[in-house]
Amino acid sequence: MTLNHSTLVPEYINDNYVPPAVYVGVAFALALIEFFGLIMNLTVAVIIVKDARNLWTPVNVILLNLVVGDFLVAALGNPIAMVSAITGGWYWGYEMCLCYAWFMSTLGFASIGNLTVMAVERWLLVARPMQTLSIRTSMMLGFFVWIYALCLSLPPFFGWGSYGPEAANVSCSVSWGVHDPITKSDSYIGFLFIFGLVIPVTIISTSYLAIIATLRKSKKRAGARGKREAKIRKMVALMIMAFLLAWSPYAALALAVQYFDAKPSATVTVLPCLLAKSSICYNPIIYAGLNSEFSRSLKKIIGVRSTRRENQNMALTVRNRQDEQN
């Protein structure tokens, strides 16, 4: 079954007309997201792999899992939506709409799963240092994140829930506005909100509240180790905040459409979708800006000589890591 793009219209849209200027703006925004998402996520992944001796830590294993997913969004997902924006509507047919919706949903769920694991890893390091994750455990959890994401995204292919067009008909996702008793869309969407958003956000929030409580009860670690842990905690916290800021408007729109019978115009639905897609650009910026080990590894790879102080900090970092493993 192949449908013309003009027949793919979200049922909850109140006004299907989209000014040509909006499509131009969407295509330009997607091009920027794709460019920066590709370059920055690929850079972080390459540097972690090439300098694994210094960067192959439990938190960076999960971070690599995260940036690989974000890179796939930029490399494979955004170009499809960008072509649809250029042509003024979904260009690729019905089957591709389903595949695109499943693919992007899976990567989105994997992203919040990775952030959840990173938050738990930070909590264990601060509050339960003797039970902190090993690299092997982090790799297993990274694999589990993809299983978790697939468990959330595959049900529509087995008759529970459905996928369809969204925004200004330039992309596809879960059919948030459908109320179909045959596919039980209402219960599937409730399932997604509970297991794909509420539970992960609760775990993330609980982890950081526990970290704050632990630091208040005990003196903050001093020296290079304490500074390194503080930077990584800040890095993960900013990643989580950026994720929530990017995805909250989209989640609010989906809730309004599903449970409050909201009928926004096609133009209005574009902004939350673009904001959600832009989330792939934030994590590499936060990581590169707050991780001094990354900066040193980047200089090493491109042939820039590190300063004496940086070399001393690297030596202290390696020594502290060895102490943690012992």
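In the predicted model, helix α1 packs against helix α8 at an angle of about 5 degrees. Their axes lie 11 Å apart. Helix α1 spans residues 20–50, and α8 spans residues 266–277. The angle makes α1 roughly parallel to α8, because angles under 35 degrees count as roughly parallel. From α1, the contact draws on Val-22, Val-26, Ala-29, Leu-30 and Ile-33. These residues meet Thr-267, Val-270, Leu-274 and Lys-277 of α8. By class, the residues of this contact divide into 7 nonpolar, 1 polar and 1 charged.

Helices α3 and α4 pack in another orientation. Helix α3 covers residues 58–87, and α4 covers residues 94–127. The angle between them is about 160 degrees, with the axes 9 Å apart. The two helices are therefore roughly antiparallel, since the angle is over 145 degrees. Their crossing is left-handed. The contact of α3 with α4 comprises 18 nonpolar, 6 polar and 3 charged residues.

Helix α4 also packs with α6. The axes of α4 and α6 come within 9 Å and cross at roughly 20 degrees. This makes α4 roughly parallel to α6. The crossing of α4 past α6 is left-handed. Residues of the α4 contact with α6 fall into 18 nonpolar, 4 polar and 1 charged. Helix α4 is thus roughly antiparallel to α3 and roughly parallel to α6.

These helix pairs belong to a protein with 11 helices and 2 strands. From the N terminus on, the order of elements is α-α-α-α-α-β-β-α-α-α-α-α-α. Strand β2 comprises residues 171–174, and helix α6 comprises residues 185–217. The loop between β2 and α6 contains Lys-184. Phi of Lys-184 is near 50 degrees. This is a positive value in a residue other than glycine.

Across the protein, buried residues make up 50% of the 326 residues. Among contacts between residues at least 6 apart in sequence, 80% join residues at least 24 apart.

Met-235 is found in helix α7, which runs over residues 223–259. Its relative accessible area is 1%, so Met-235 is buried. Met-235 and Tyr-287 are 52 residues apart in sequence. In space, the C-alpha to C-alpha distance between Met-235 and Tyr-287 is 6.2 Å.

Arg-296 is found in helix α10, residues 292–302. With a relative accessible area of 7%, Arg-296 is likewise buried, because the cut-off for burial is under 20%. Arg-296 and Asp-51 are separated by 245 residues in sequence. Their C-alpha atoms are 9.9 Å apart in space.

Technical notes:
Residues numbered from 1 in each chain as written. Predicted model: local features only at pLDDT ≥ 70, side-chain atom pairs only at ≥ 80, totals over all residues. Heavy atoms only, no water. Axes fitted to C-alpha atoms, helices over the stretch in contact; angles between N-to-C directions. Helix = DSSP H or I, 4+ residues; strand = E, 2+ residues; numbered from the N terminus. Parallel < 35°, antiparallel > 145°, perpendicular 65-115°, else oblique. Contact = heavy atoms within 4.5 Å. Nonpolar A, V, L, I, M, F, W, Y, C, P; charged D, E, K, R; others polar. Left-handed = near helix turned anticlockwise from the far one by under 90°. Buried < 20%, exposed > 50% of the residue type's maximum accessible area, 1.4 Å probe, protein only.
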